[in-house]
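Look at the model first, then read the points below.

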Amino acid sequence: MTTTILIAGIIVIIALLVVLILRKPTANDAGLNAGLSALREDNVKLRERLSERLTALAQTSADIKNISGDIANFKNILMGSKQARGTFGERQLEDLVSDVMPPESYAFQCVMENGVRPDCVIRLPYPPGDMIIDSKFPLEWYSRMTDAGGDAERDMARKQFELSVRKHIDDIAEKYIIKGVTADSAMMFIASESIFETLHREFGPLVNYAARKKVFLVSPATLWATLNTIRSVLSDIKIKRVASQIKKELDLLLADLARLDARAAAVSNHFRQTTEDLDQLKTSIGKITPRAEKLRELEFGE
């Protein structure tokens, strides 16, 4: 009896399950299915966005790595070998000058009268004369000063850096400032804005010493501004020179016109005098002709 009831109960449960499976979906079931579908779509979109973000982060990481490498290379250039620094400074100086100044107003690596070969010469009429720009700034001791491990090492590197810069200022003043040939001042180009700022912030007496020696420190930004000022001055000089030439030619033209007027007046006088002479000649002929007629009418005896 008990077994029969148990079997009957199992059959009822199976029948109910079959009915649940085969029955038509209700409104609640449809809403549940729609919600699940929307959830699946949101999940797919979320995975896509996460994939895009991960790809962007990977690219950003690669870019940061490249930038870090560029910064390391730049530091190696500035703080590395003297030849590499010199080449970098000269190239940066050439790019700045050629971008701002007209081609006829500058020259690179030309030999001067005293045999020296400056990095750049800005051609200016005398006075003031050619302006020399040197790009070989000494950086050995600056690198040691920034990389020093202790105060004693830093102080020693700081003193040596100041001495090396002072010596370079003296060399520029001696080689590139020639009385009667060049301007009475020269420029020392520093390829790094941070080093330029450090000099003015921490080495004020050294900057003043350079000014007394007529050697002016310039960075890429200040050199750009200085070159633009020089270009404006050269333009004014050219305009004044052209205006002076025009005035000179105009004065010569007016003088030529005055001479032409005088010569035209002389020719006019000659024509007037010739006309008067012809009139007088006609008058004389007019007087002679009647007399000749009277002579012809006279009868002369045999």
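The structure holds zero disulfides, a disulfide being a pair of cysteine sulfur atoms within 2.5 Å. This is a predicted model: local features need pLDDT of at least 70, side-chain atom pairs count only at pLDDT 80 or more, and totals for chains, interfaces and linings use all residues. Residues are numbered from 1 along each chain as its sequence is written, and side-chain values use heavy atoms, with hydrogens and water left out.

- Cysteine 110 is in no disulfide; the nearest cysteine sulfur, in cysteine 120, is 8.2 Å away.
- That distance of 8.2 Å is too far for a bond between cysteine 120 and cysteine 110.
- Cysteine 110 counts as buried, at 17% relative accessibility.
- Cysteine 120 also counts as buried, at 0%.
- Buried means under 20% relative accessible area, exposed over 50%, and partly exposed in between (1.4 Å probe, protein chains only).

**Helix H7**
- H7 spans residues 204–212, and its buried residues are Leu206, Val207, Tyr209 and Ala210.
- Down the axis of H7, these buried residues fall within an arc of 155°, so they line one face of the helix.
- The arc is taken from the directions from the helix axis to the C-beta atoms.
- Pro205 and Arg212 are exposed, on the face of H7 turned away from its buried side.
- Helices (H or I, at least four residues) and strands (E, at least two) are DSSP runs, numbered from the N terminus.

**Around H7**
- Cover for the buried residues of H7 includes helix H5 (151–176), helix H6 (193–202) and strand E5 (215–218); contact means heavy atoms within 4.5 Å.
- Lysine 214 follows H7 and has a positive phi, near 60°.
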